[in-house]
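Here is a quick tour of one model, taken a piece at a time. Have a look at the structure first, then read on.

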Amino acid sequence: METDEAMRVLPFQLQFDKPVASQIKIAEWNPEKDLLAMATEDSKILLHRFNWQRLWTISPGKSVTSLCWRPDGKAIAVGLEDGTITLHDVENGKLLRSLKSHTVAVVCLNWEEDAQPSKNDFGNIPTYEDRTSRFFPPAPRIPQMPGLVSGDTGFTDDSEDSFRELANSSHQRFSILCSGDKDGSICFNIFGIFPIGKINIHKFHVAIPNVDEQGTCHLLNASIYKVALSKDLFHLTVLCSGQLSQEELGGHGMHGLHCLVLDTSIFSKRKDELYQVALQASNIEDLTEVIRESLTVMCKQWTDATHTFREKFDSLSTLIVDNGLDSSPQEEFLSLLGGARTSPPIHQFLANSLGEAGVKRVSKAVCGAGKELQLIVLNHLQPAAEIIGFRMGELRGLSRWRARFHGIGLDEKLINNATENSGMFLVQVERFMRVLSSVVQQFSNFFNWLLKCIKLLMQEPSDQLPRYNSELVVIFLKFLYDQDPVRQLLEPSEIDHDVDVDLETMQRVRDLVNFGGFSDCNYLRRTLLKEFQLLESSFKEAFLMPFTTISTKILCEDFLPLFPLPSSPTSVFIPMSVSYYKGISQPHQASDHDFIDYVSFQVPNEPFSDIANCIGILRGFMHDMSGIKKGYTSLEAVLLSVPSGYHCVDLSLYKEGQIVLLLNEACTSSDSGEACMMIVRTSDLPFVSVSRSPYLDHWELHQLKDSVFYLQMGNAKVRIIPHSVVAPLAVSASRGVASVYATRKRALVYILEEDEDEVSDTE
């Protein structure tokens, strides 16, 4: 009879075994809900509930290279092969934001929010109130271009509510989205939407013990595999490959897999300041998008309307030329207005070519478009510009607080320039509204007069027609018939000339400059679109300074070679994992760090034939450099020997100090054999301290060959799977769920039981 100990296995309870249409290559569990996001080999993203109910499927159009959930589980970040990062709503997969921080494939993503609320000098938790809601109605949404018809005022879509809720960073805790690409660049985005830094690991500086000057290291052909930001935001652990070159100490190190620790403490130490700047900047970016789309819709609407007008009235010029007359349409209309006899071309045009119905159609198109433009300005463009002005005013006040905000790159001069440009843009908006209102009134008066003329020519009563003003008809024919001041103010002309401004007005602007107002005398000569382009450019320049400043403060704190790789690396998948867990502070360990880093990786069989088929686990690496300087080390490591006859397919850390291994039986055919899942507690592992040398390329795995921990199938917590499997292994630490994927395109989802002593039969 078998003993209970012999029968003891880890109770991975099989939840379901479902077929999938295409092989899954990436999988991530939602941190807050029982939702599994998967990327397939045919470039689709699937979202399933725990019961395998599919919520949505989206196709980004490009190959998906990485996935990562926002910490609150309400949005998911998707890395694409062209370097784009897209954010999608968890409810429906709707695209919320698209970032182009990289130029090559984004191979890894990590989104971490601040785990500890900061306190000010008085011990209170500082809070920042977004005051725009006290002075302004809700921020305007983007007007919708498709489906608009003349007179339609439905510019908004209720589906935009999800965008506003998720894009509003004031409802989020401070968080950082880290992204790494295959060329060695790492980008940082606050809330996932505001770029706040970028570094490249091809060339980095690291403090080398026993060396006076800071060492300069190069990683040739660097490529990033994993990035993991600590939960206190102090450190970023990076797993990368490359050829190590160390100038100060001479020579070249191995080409292999390396582990770096970057000092990102500025995100934690200055998170309150960064939070305020990112809140304002990300909302300003949202509002500039509203203005950009508003201008696009306005240009389209007015261009279509004026095209309708020209299409009808340009035929009059042709009639005049065909009849051998030397007059112009304006002169013919003025003659008709003055009571002279109607010339044949005018009579033919009004009675036959245009007609009463034609005048009404053109009037509806032009005047209707003018009203729609006014609504867009009043409901979208102007409110957005006003809120931008308010937010820039707050940023201007912050920029003067040099002690707190100058250190993160909030430059007072650049903010002042952007604030002035936002004020100029508001002036241009008000000016545009006055011109638009006048032009629409002139068009309406002209069309009313034409209708009355047509009625008289047809000998029909015209008492029911609206009244018209003869003086306004003359002004329209002299100044507006051939010109389009609305379009001239709305967009740059083909020859890109300045807007005409009378000398008296320009002198008033110069007096305003001398009095201390705007410093730019020529802003009235620019169109609305040009003014917006200058405004947007000044925003980019102002917010590039915090981006540049933070980038220079993210430095390499420690570096550790792990194992060599072929000089011409192939696309071989290396199982690896980086996580941070709360742990008991070790001796000599800094007390302000409550999190221990765990780095796990599959050790290649070559060139380590004496420790083949092993898994390496490091912990405490992020504290190690400070320890070396003080004469001790906190770095610990252990080698796990995979059971004979199996090899590691994937691995993932699960909860506090547990590691889940996905093992395949070593066999010649990928579809034959069996697999298993195994869970190992790190507290049961014989970690040993690892000695470090002042030289970066000294530590080797051979130090651990005498203390290898051999995993045994008989007494380990194991779940047997009756067929071979492939990566990924997705583990939800908060829900106790694991999922694996079979080579025959089947998804297996298991529940990881909490009770260690529970016994379950193997399959």
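Contact here means heavy atoms within 4.5 Å. Keep in mind that this is a predicted model.

As a general point, strands of a sheet pair through backbone hydrogen bonds, either parallel or antiparallel. Strand 12 (residues 185-190) and strand 13 run antiparallel and are joined by six bridges.

**A residue in strand 10**

Over in strand 10 (residues 106-113) you'll find E113. Is E113 buried or partly exposed? Its relative accessibility is 22%, so E113 counts as partly exposed. Setting aside neighbours within four places in sequence, E113 touches P71, R173, F174, S175, K231 and L233. One of these, K231, is 118 residues away from E113 along the chain, yet their C-alpha atoms are separated by 6.9 Å.

**Helix on helix**

Back to helix 5 (residues 271-322), which also packs against helix 6 (residues 329-337) at an angle of about 90°, the axes being 9 Å apart. The two helices are therefore roughly perpendicular to each other. On the helix 5 side the contact uses F313, L316, S317 and I320, and on the helix 6 side P329, E332 and F333. By type, the residues of this contact split into five nonpolar, one polar and one charged.

**Cysteines**

How many disulfides does a search of the whole structure find? The count is zero. A disulfide needs two cysteine sulfur atoms within 2.5 Å, and here is how two of the cysteines stand:

| Cysteine | Closest cysteine sulfur | Sulfur distance | Relative accessible area |
|---|---|---|---|
| C108 | C178 | 9.0 Å | 5% |
| C178 | C68 | 8.8 Å | 0% |

For C108, the sulfur of C178 is too far for a bond at 9.0 Å. C178 is in no disulfide either. As for accessibility, C108 is buried, and C178 is buried as well.

Notes:
Residues are numbered from 1 along each chain as its sequence is written. This is a predicted model: local features need pLDDT of at least 70, side-chain atom pairs count only at pLDDT 80 or more; totals for chains, interfaces and linings use all residues. Side-chain values use heavy atoms; hydrogens and water are left out. Axes are lines fitted to C-alpha atoms, for helices over the stretch in contact, and angles run from 0 to 180 degrees between N-to-C directions. Helices (H or I, at least four residues) and strands (E, at least two) are DSSP runs, numbered from the N terminus. Angles under 35 degrees count as roughly parallel, over 145 as roughly antiparallel, 65 to 115 as roughly perpendicular and the rest as oblique. Ala, Val, Leu, Ile, Met, Phe, Trp, Tyr, Cys and Pro count as nonpolar, Asp, Glu, Lys and Arg as charged, and the others, Gly among them, as polar. Buried means under 20% relative accessible area, exposed over 50%, partly exposed in between (1.4 Å probe, protein chains only). Two strands pair if DSSP finds at least two bridges between them.
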